[in-house]
Amino acid sequence: MNREAEGASTPRRRSRGRPWLVLQLVLSGSLLLLFLLPIYALFTYAPPSEILSAASNQTVDTAIWLTFFASGIAVLAAVVFAIPLGYLLARRAFRGRSLVESVVSLPIVVPHLLVGLGLFFLVIPGSPLYRFTTAIGFPVYDTIWGVVLVMVFVSAPYTVLAADLSFRAIDARVIEASRALGAGPATAFLTVSLPLALRGIVAGLLLTWARAVSEIGGILILAYTVYPGGPYNGPVTSTLSVLVYNLFQAGDLSAAAAVSSVFLLIAFVLFVVVRLGERSGWVPWRRGELAP
Amino acid sequence: MTSWSVEGLETTLDHFRLGPVDLALAPGHVTAVLGSSGAGKTTLLRSLAGFLPARRGRLLRDGVDVTDLPPEQRRLGYVPQGLGLFPHRTVERNVSYPLEVRGRLDARVRARELLERFGLTPLMHRHPARLSGGELERVALARALAAEPELILWDEPWQALDVEARHELGFVFEELRETEQVPVVVVTHDPSLAFSVADTFLVLRGGKVGLTTDAASLLAHPTDPFTARFVGFENVYDLPTLRGAPPGSLAAWLAPRSGPEGVAFPRPVLSPGSGSRGAWTGLVRSVHPTPEGLALTVRVDPLLVALRLPPPLGTGAPSVGATVAFDVEEKSVHALG
């Protein structure tokens, strides 16, 4: 009798859950559509032949190279400066820590046009910092270093936050064990903390890179046009985002769409490679994971 | 062979103050640190390991002051609570870690020897997440010994171990004492294993050393409610409970025998068939079989008293709701505090 009652109640319970599931699917699906449709529109606006010719265009290639090079340096800067800051926030209790945490989130919440403006006032020709950066060979205004500076400003916080969370998630007793068993603070960091946090940090670096390549607001002000200087010796150029913006402003919509498509394809391939690498286990940060 | 001594060591962690602690740690000598939760057991271990700066006092290794030495220079075999194994390293690389970080070229060879000794060779390529509790314990101990320690600090060795693994760990300890000749400090909650391995007992209460003694005197003279329960005195009553009891009751009889922190006595033994003889009577509230016979809880207002009926258990064992009479031997009653 019991079994019959159960058998009768199970389908009813399922059908009661169905509207809830449908609602979830509709809401999630709407958002996914919003993500996908503009990309679809972008890819289909320009004919494939125009995308191909954009990919082989010298101006576009220069802008792509500049953007990827500058964002690569921004990611390196995040490795060097953001990981230590994340570690400090996660492992040290100090007065004013919440203030430092707020400062770290500042670049995320401040409109990026204002960031560009602030940096511009700092390095405006004639300012002490302008003279200093020029003297040491890192001129910022309208150079690749300006692009890098803006990118680091807006994107490094993602690595700081990811590193902070990842280091915080490590059991402090595991680190104490390594210290008591003979590892100095630096060795313990390199052999225990870093490997265990690496996966989260790499996720943060990916976000940092994504944020850096897509930056436009600050770059519009600080390095709208990029002149040769520093590691860049090519023709006068701009970042990819600025190039697309200029094409759009000039009314050349299909060129803007073609250039955007090229950029999206490259970014997509990069992301897929990283994700596949993660899944196959050949990337080093996968090793930090707990065995199943 | 290294001897350590702790002299008036005091430390603080946030608002918690520990110490002063005085302790002599001889080679091969096992000291068990006891105390209820929050008594400062782990804090003491962490301060011996060098993670908490000493506010006062000294830690001496063979007479040399090492109070300010960082943890990595103290030559410790440290096993924190939860073991602190490295989840990203295999068993082999966990064990070789202390040798690797000292740049020892024979790290692998030494690690393999230890793996062999602890029966871990078949598991050496596994990660800790795929080991059982007993296996993890052995890895932690092998790793601690790989550090070629001059002092072993072990926090809650028997936590989360099943009965068999606990038994095995007892033997490991015996072997450790014989082969390593290193002082060992263990923090524990577990009386039976503490009594089987420890030479000295340090009882902590609210960050202060309540008692430093050997097993015999700890068993004979429990001095506070925690140690009384630890040594198996299941009847522990505080003074406010005893005061104001009706004259002629068990509580009233215990009150003058109590110290400032109350009174304790082991389970009185009911002799079979003696159900109706004894100075005190009470109503049986619960009956549980144990390896030592039947464990009874009896209400003797306002107290609940634990009694024991030794085997063999006949058919006439008291049941819940029955009335039993029992005696409390005067010499078994200990004043606390």
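**View 1. Strand β8 of chain B, residues 184-187, has buried residues pointing both ways.** In this predicted model, B:V184 and B:V186 point one way from the strand, while B:V185 and B:V187 point the other way. Strands here are DSSP runs of E with at least two residues, helices are runs of H or I with at least four, and both are numbered from the N terminus.

**View 2. Here are the partners of β8(B).** Strand β3 of chain B, residues 30-34, runs parallel to β8(B), and four bridges join them. Within that pairing, B:V30 stands opposite B:V184. Four bridges also join β7(B) to β8(B), again running parallel. To count as a pair, two strands need at least two bridges found by DSSP.

**View 3. B:W154 sits in strand β7 of chain B, residues 151-155.** Is B:W154 buried or exposed? B:W154 is buried, because 27 other C-beta atoms lie within 10 Å. Across the strands, B:W154 stands opposite B:V186 in β8(B). Leaving out residues up to four places away in sequence, B:W154 touches B:V79, B:V184 and B:V186; a contact means C-beta atoms, placed from the backbone, within 7 Å. The C-alpha atoms of B:W154 and B:V187 are 6.3 Å apart, though 33 residues separate the two along the chain.

**View 4. Now step back to chain B as a whole.** Chain B has ten helices and 17 strands, and its C-alpha atoms fill a box of roughly 75 × 45 × 30 Å along the principal axes. Of its 337 residues, 41% are buried. Among contacts in chain B with a separation of 6 or more, 66% link residues 24 or more positions apart.

View 5. Where pLDDT is low, the predicted coordinates should not be read in detail.

**Reading the labels.** Residues are numbered from 1 along each chain as its sequence is written, while chains are lettered from A and ligands numbered from 1 in the order in which they are written. Local features need pLDDT of at least 70 and side-chain atom pairs count only at pLDDT 80 or more, whereas totals for chains, interfaces and linings use all residues.

Key. Buried ≥ 20, exposed ≤ 12 C-beta atoms within 10 Å, placed from the backbone. Contact = placed C-beta atoms within 7 Å.
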